[in-house]
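Welcome! Take a look at the structure below, and then we will walk through a few of its features together.

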Amino acid sequence: MVVGLYNYWIVAFLMMAGFYIVVAHGNFIKKLVGLNIFQGSVFILYITFGKVSGGTAPIVESGYTVYSNPLPHVLILTAIVVGVATFAVGLALVVRINEAYGSIEEDDVHLQDEES
Amino acid sequence: MFAHIPALIVVIPLIGAPSCMLLRYRGWSWAVALIGSWLSFLLSWLLLQQVMTQGVVTYELGGWVAPLGIEYRIDAANAFVLLIVSAIGSVIMPFARESVRSEFGTSRVYLFYTAYMLCFCGLLGVTITGDTFNLFVFLEISSISSYVLIAMGKDRRALVAAYQYLVIGTIGATFIVIGIGLLYSVTGTLNMVDLAVRIAQQPPSRTLGAAFGFLVVGISLKLALFPLHLWLPNAYTYAPSMVSAFLAATATKVAAYVLLRFLFSIFKIDKIMGIVPIDTVLLVLAVIAMFAGSTVAVFQNNLKRMLAYSSIAQIGYIVLGVSLVNATGLTASIVHLFNHALMKGGMFLALGCIAYRISSVHLDDFAGIGRRMPWTTAAFVMGGLGLIGVPLTAGFISKWYLVLGALERGWWPIGLLILMSSLIAVIYIWRVAEVAYFKPAPEGAEAIEEAPATMLVPTWILIGASLYFGIDTELTIGVAQRAAAVLIGGAG
């Protein structure tokens, strides 16, 4: 049960680890990295349930009858692209925040906002 | 041509986005965005007519037959939301030209219109699609471009607001994608109609339950349902005027539609209520949102922030209608999507007009504004009356059906709560009206004119429409009742 489904355990661990980083860290870059780990766990989730035990890549070839389901893998390619785009926009925002505030620490930024 | 209307509604703004980028010159890119919005509006109108006469319209993208291919499936519910989004886009675009020029100068304006077109395209795509994964992709297109739009605000705090929205929005979207993935792992399909059929055949399982939970939380984050609303006030406050108006009037409406679609069409809500009391959960959150949102709004001096909190309360009304789980409640929710889009869009535009002249949206600077900019202030107050739900405004119609729905369900205390929370809205609207009309302008204040016609006319189109649809409800209620019947009746 535990060993057989180890992929799902990894998914759950990465998901919570990523989420924790987003919530607990005040550094804007670290938060984005946490967000990426969080999204990455979902990629593994999709890839895992697309895999059929004993199945090969879905290429027709004599001698192979069991194939993995390629659809979740293709879906996740799209989700990876979305993740990259989000990360890029997020980093661009952090660069602008750094220019405007001279800091990328959440506490500093809030402090400066309260003072102004 | 007519057979391809569903695809064109999305494709036109999608082509418009790179066109804005390539044309570079701001007048041209504005014109492209304007024409794109208007064409989409025209097509949505034609599509709604078609849906009302023929029933469901389906369109197979690339000729691939559903459920294998991606299908656009338009019934009364999403045809109506398409109309809301494209109508708001079309009215706001003429306003955008002056407003955008005054708020961030002349450089790189074409990039602003590019992001706007992408956001517009994403919102329409989310609404029109019949495929859940396609819905996620469009949702992210609209979200990522809206982060960019919000970050373009003048104040540096816009950057932090956009960043916070990005983090929360991405968590929401990821939750939605987990939910869709779990559904796929149980049913083996992504098509909404197919999902509905296969879920109905499944015995309740933990995977289905988890999928449902992830989807509801993810969509609620996008919807800014209390207590997941924290991104909304800052985002609306610091975004450029035109963006606040556009997002307040469309983005949360589309999220509300997605919630309806998942709760009613894909999962059958009465089946879920046997397992999780989802209606009670939504009811409690909606009522808290109504009161908390309105109460916090009373204490805001930044009027954009006040409207943002008022939006949270209004989202409460929309979700309240959903939680009643009867045709009248759903009608109220769907009609309020439309009415609230008009009122809140119009009020944000009115604030945009005022910000254009006095460069401030603070209550302290509003003294005597009622005499200095009479038309704009009148628009703001008329919109406010709608938010309160005064008879002969569109807001009254929504609340009337909401109270009827609550009584039909046998929940008369909810009817009272709706009235009480409306009274709180009286306070925050009155505060503005009092300062605007009864406080004299400060000594030596510069003489200011009324906002230019290109800004005032769109504002009054939205406010005028909200008054018109408070009297003539044939279109709105007719379509909303049809949409509610489709949602309750199943795939339809």
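Leaving out residues up to four places away in sequence, B:T376 touches B:A350, B:C353, B:I354, B:E450, B:A451 and B:L456; here contact means heavy atoms within 4.5 Å. The model you are viewing is predicted, so local features need pLDDT of at least 70 and side-chain atom pairs count only at pLDDT 80 or more, while totals for chains, interfaces and linings use all residues. Residues are numbered from 1 along each chain as its sequence is written, chains are lettered from A and ligands numbered from 1 in the order in which they are written, and side-chain values use heavy atoms, with hydrogens and water left out.

**Where B:T376 sits**
- B:T376 belongs to helix α16 of chain B, residues 374-388 (helices, H or I with at least four residues, and strands, E with at least two, are DSSP runs numbered from the N terminus).
- With a relative accessible area of 0%, B:T376 is buried (buried means under 20% relative accessible area, exposed over 50%, partly exposed in between, using a 1.4 Å probe and protein chains only).

**Cysteines**
- How many disulfides does the structure hold over all chains? There are zero, a disulfide being a pair of cysteine sulfur atoms within 2.5 Å.
- For B:C20, the closest cysteine sulfur is in B:C121, 12 Å away, which is too far for a bond.
- B:C20 is also buried, at 0% relative accessibility.
- B:C119 has its closest cysteine sulfur in B:C121 too, at 9.5 Å, again too far for a bond.
- The relative accessible area of B:C119 is 1%, so this residue is buried.

**Confidence**
- Chain B has an average pLDDT of 89, and 98% of its residues score at least 70 (pLDDT is the predictor's confidence in each residue, from 0 to 100).
- The model's scores are ipTM 0.93 and pTM 0.92.
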